[in-house]
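Subject: Handing over a structure, with notes

Dear colleague,

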Protein chains: 2
Amino acid sequence: MRSFVVVAHKAVTTPFSLNDLPGGAGRMDIVARCVNASLFLSHGMRRDVDFYAILLGEPNPPVTIRFNGERVRYLSPDERSAASLIKKALERGAPSSGEDESTPGVYISKRSFEDVINGLDDVIYLHEDGEDFRNIELKGDEAFVLSDHQNLTPEEESVLEKKGARKASLGKRLYHADHCIVIVNHELDMREKLK
Amino acid sequence: MRSFVVVAHKAVTTPFSLNDLPGGAGRMDIVARCVNASLFLSHGMRRDVDFYAILLGEPNPPVTIRFNGERVRYLSPDERSAASLIKKALERGAPSSGEDESTPGVYISKRSFEDVINGLDDVIYLHEDGEDFRNIELKGDEAFVLSDHQNLTPEEESVLEKKGARKASLGKRLYHADHCIVIVNHELDMREKLK
């Protein structure tokens, strides 16, 4: 199972207005675009992908939302659609332990970034100082970690270091998190083709 | 100047509600994501890019909206932001000839797909039957043509054929138009790096 993990430092942890994703919802627009980039092909879903958003905004962080490409329903490509499923999850609220399914294929929990990372196997941190992504060995079932519009904090980076995450770079230019996810998915598709 | 041209077969040609981009506005969400994919880097704009959307929906097609990366202002990455600049352009309306600037760096005209294509130089049609994109020769200032959720019509394809457009494929999988644009921009960035 391939995974994408996005740390959303300001994304709110309470239901929000769908008409103001960048402002009132704490850059929830970024999270919504990352859902799209992780899961959508032109005709269908990437069923082998889990997408995690770690919401760290007020009032009740952390909250982790997971979208599973195999099971997700009612998801369209537009930002509002992904955001509305996140909003539904927040309306339900996170259980005190484990994760609840708020709508088919969408899950909510109180897991922290560290909890999520420690539950994954091979972790790759997308970072400008990493090795050239096109040259690193990949099986396609790695977990790729990205930040939103802010960098990961030193504490978050040390979680990755303890986990033994590899660092990989997509080039000299810096891209939005959702663009990074598109590029990673495409590179992995190209490698599949070569098999 | 690099260009992206997206044919939006159902996108409306009159002001629309920002709360229903996929429905009432005729998949204007696709156009908005393509604006983002064409122009945004993590810290700033791609200033060497022109983005064209050919709107072919009711009531008054065709309308062409152009975003210029060098001059554009008031554009944020979220769908609603790009859509609101398109809406402002439609509120102004297209002039009977030439193009008008509705907000800084956003232009509206009555140009058809054929008019736009014939005004561009080296045209590349992104299509599954094309040559492998990673192997074709590119200078970086080509015009890349994509369709929205519907294929180009035979008439639109014949415009490209008359123009002598090359066909290029991004792989065996089919991607949404905005994902294609991200992949093209990244490939061109990678080639720049090798220079």
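Helices (H or I, at least four residues) and strands (E, at least two) are here DSSP runs, numbered from the N terminus.

Before going further, please note that this is a predicted model, in which local features need pLDDT of at least 70 and side-chain atom pairs count only at pLDDT 80 or more, while totals for chains, interfaces and linings use all residues. Residues are numbered from 1 along each chain as its sequence is written, chains are lettered from A and ligands numbered from 1 in the order in which they are written, and side-chain values use heavy atoms, with hydrogens and water left out.

Helix H2 of chain A covers residues 79–92, and at 1.5 Å a residue its 14 residues should span 20 Å, which agrees with the 20 Å between its end C-alpha atoms. That expected span is 1.5 Å times one less than the number of residues in the helix. Among the buried residues of H2(A) are A:Ala82, A:Leu85, A:Ile86 and A:Leu90, where buried means under 20% relative accessible area, exposed means over 50%, and partly exposed lies in between (1.4 Å probe, protein chains only). Which elements do the buried residues of H2(A) pack against? Within chain A they pack against helix H1 (28–39) and strands E4 (49–55), E5 (63–68), E6 (99–103) and E7 (106–109), and they also pack against helix H2 (79–92) of chain B.

**Chain A as a whole**

Chain A has five helices and ten strands. Its radius of gyration is 16 Å, close to the 16 Å that the globule rule gives for 195 residues, so chain A is as compact as a globular protein of that length. The radius is taken over C-alpha atoms, and the rule is 2.2 Å times the number of residues to the power 0.38. Along its principal axes, the C-alpha trace of chain A spans about 45 × 40 × 30 Å.

Of the 195 residues of chain A, 58% count as buried. If you take the contacts (heavy atoms within 4.5 Å) in chain A between residues at least 6 apart in sequence, 68% of them join residues at least 24 apart. Chain A exposes about 8,000 Å², of which carbon and sulfur atoms supply 45%; these areas come from the Shrake-Rupley method with a 1.4 Å probe, and for residues only the protein chains shown count as cover.

In the loop between E4 and E5 of chain A you will find A:Pro62, which is joined to A:Pro61 by a cis peptide bond with omega about -5°. In chain B, B:Pro62 lies in the loop between strand E4 (49–55) and strand E5 (63–68), and the peptide bond from B:Pro61 to B:Pro62 is cis, with omega near -5°.

The loop between E5 and H2 of chain A holds A:Tyr74, whose phi is near 65°, a positive value in a residue other than glycine. Is A:Tyr74 buried or exposed? At 64% relative accessibility, A:Tyr74 counts as exposed. In chain B, B:Tyr74 lies in the loop between E5 and H2, has a positive phi of about 65° although it is not a glycine, and counts as exposed at 65% relative accessibility.

A:Asp78 also lies in the loop between E5 and H2 of chain A, but at 8% relative accessibility A:Asp78 counts as buried. Leaving aside neighbours within four places in sequence, A:Asp78 is in contact with B:Pro22, B:Asp29, B:Arg33 and B:Glu79.

B:Met45 lies in strand E3 (residues 44–45) of chain B and counts as buried, at 16% relative accessibility. Beyond its neighbours within four places in sequence, its contacts include B:Phe40, B:Val72 and B:Leu75.

B:Ile117 is placed in helix H3 (residues 113–118) of chain B, and at 0% relative accessibility B:Ile117 counts as buried. With neighbours within four places in sequence left aside, B:Ile117 is in contact with B:Val123, B:Val145, B:Val159, B:Leu160 and B:Lys163.
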